[in-house]
Every structure is written in C-alpha cells, then in structure tokens.
Amino acid sequence: VKEAKQKCPQLILKSGENLDFYRETSQRIFELLCSPNTWRPMLPSSRTPHPINVERLGLDEFFIDVTPLVTAYDDRIEQ
C-alpha cells in the first residue's frame, strides 16, 4: 500500500467488506478436515488411521494428501 501511495498520491483506499464470517467458516472447515474423525469411517476398522495431511492455501483452498485413504482402499481390494 505504501508503494502504491508513493506512485499514485491521489489514490483513495476504502476498507473492504467484513470477512469475519468467511474467516470463521474457513477455520471451522479446516479444523474439520484436520480431525481424524472425519476420515476414520473411510479407513478399515482394523487399521489405525494414518494422519491425513491438510495444508491451507488462502481462506478457501486446501491441499489434502489422501494417500492413506488410497492405500487403505488398495489394501481392501487385495484382500
């Protein structure tokens, strides 16, 4: 913002919309995705659930490593 003001002194900045609800919802979704209970029904009961790695990118994007789910599914097919 400082650099923009230097390059354009007549720049008028207005505060954006209130994103509190969006941030709170994003956090709740992230917590849900990080919970082992979310993924437990998808893994065989005889196996201890492996952690599902979840990484946040911004407010509304997540990377989810589903390798443990794929491995568990492959194990079921082989049996």
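Modeller: Keeping in mind that this is a predicted model, I would start with Arg56, whose charged end sits over the ring of Phe30, 4.7 Å from the centre of that ring.

Biologist: OK, and how many aromatic pairs does the structure hold?
Modeller: The structure holds 1 aromatic pair. The partners are Phe30 and Phe62, and because their ring centres are 5.9 Å apart with the planes at 20°, the pair is stacked.

Biologist: Which parts does that pair tie together?
Modeller: Phe30 belongs to helix α2 while Phe62 belongs to strand β2, so the pair links parts that lie 32 residues apart in sequence. Phe30 is therefore the ring that is stacked with Phe62 and that also has the charged end of Arg56 over it.

Biologist: And how accessible is Phe62?
Modeller: Phe62 is partly exposed, its relative accessible area being 23%.

Biologist: Staying with that strand for a moment, where is Ile64?
Modeller: Ile64 is also placed in strand β2, which covers residues 61-65, and with a relative accessible area of 33% Ile64 is partly exposed. Together with Val66 and Val70, Ile64 makes a nonpolar surface patch of about 200 Å².

Biologist: Switching to charges, how many salt bridges does a search of the whole structure find?
Modeller: The search finds 2 salt bridges. In one of them the side chains of Lys7 and Glu3 meet, at 3.2 Å from N to O, and in another Arg23 is joined to Asp20, where the closest N and O atoms are 3.8 Å apart.

Biologist: Why are Lys7 and Glu3 separated by about one helical turn?
Modeller: Because Lys7 and Glu3 are 4 residues apart in helix α1, which spans residues 2-7, about one helical turn lies between them. Lys7 counts as exposed, at 65% relative accessibility.

Biologist: And what about Arg23 and Asp20?
Modeller: These two are 3 residues apart in helix α2, residues 20-34, so they too are separated by about one helical turn. Arg23 counts as partly exposed at 44% relative accessibility, and Asp20 is partly exposed as well, with a relative accessible area of 41%.

Methods:
Residues are numbered from 1 along each chain as its sequence is written. This is a predicted model: local features need pLDDT of at least 70, side-chain atom pairs count only at pLDDT 80 or more; totals for chains, interfaces and linings use all residues. Side-chain values use heavy atoms; hydrogens and water are left out. Patches are made of residues with over 30% relative accessible area and no salt bridge: like charges are joined within 9 Å, nonpolar side chains (Val, Leu, Ile, Met, Phe, Trp, Tyr) within 5 Å. Accessible areas come from the Shrake-Rupley method with a 1.4 Å probe; for residues, only the protein chains shown count as cover. A salt bridge is a side-chain nitrogen of Lys or Arg within 4 Å of a carboxyl oxygen of Asp or Glu. Buried means under 20% relative accessible area, exposed over 50%, partly exposed in between (1.4 Å probe, protein chains only). Rings of Phe, Tyr and Trp (its six-membered ring) pair if their centres lie within 6.5 Å; planes under 30 degrees apart count as stacked, over 60 as edge-to-face and the rest as tilted. A charge sits over a ring if NZ of Lys or CZ of Arg is within 6 Å of the ring centre and within 35 degrees of the ring normal.
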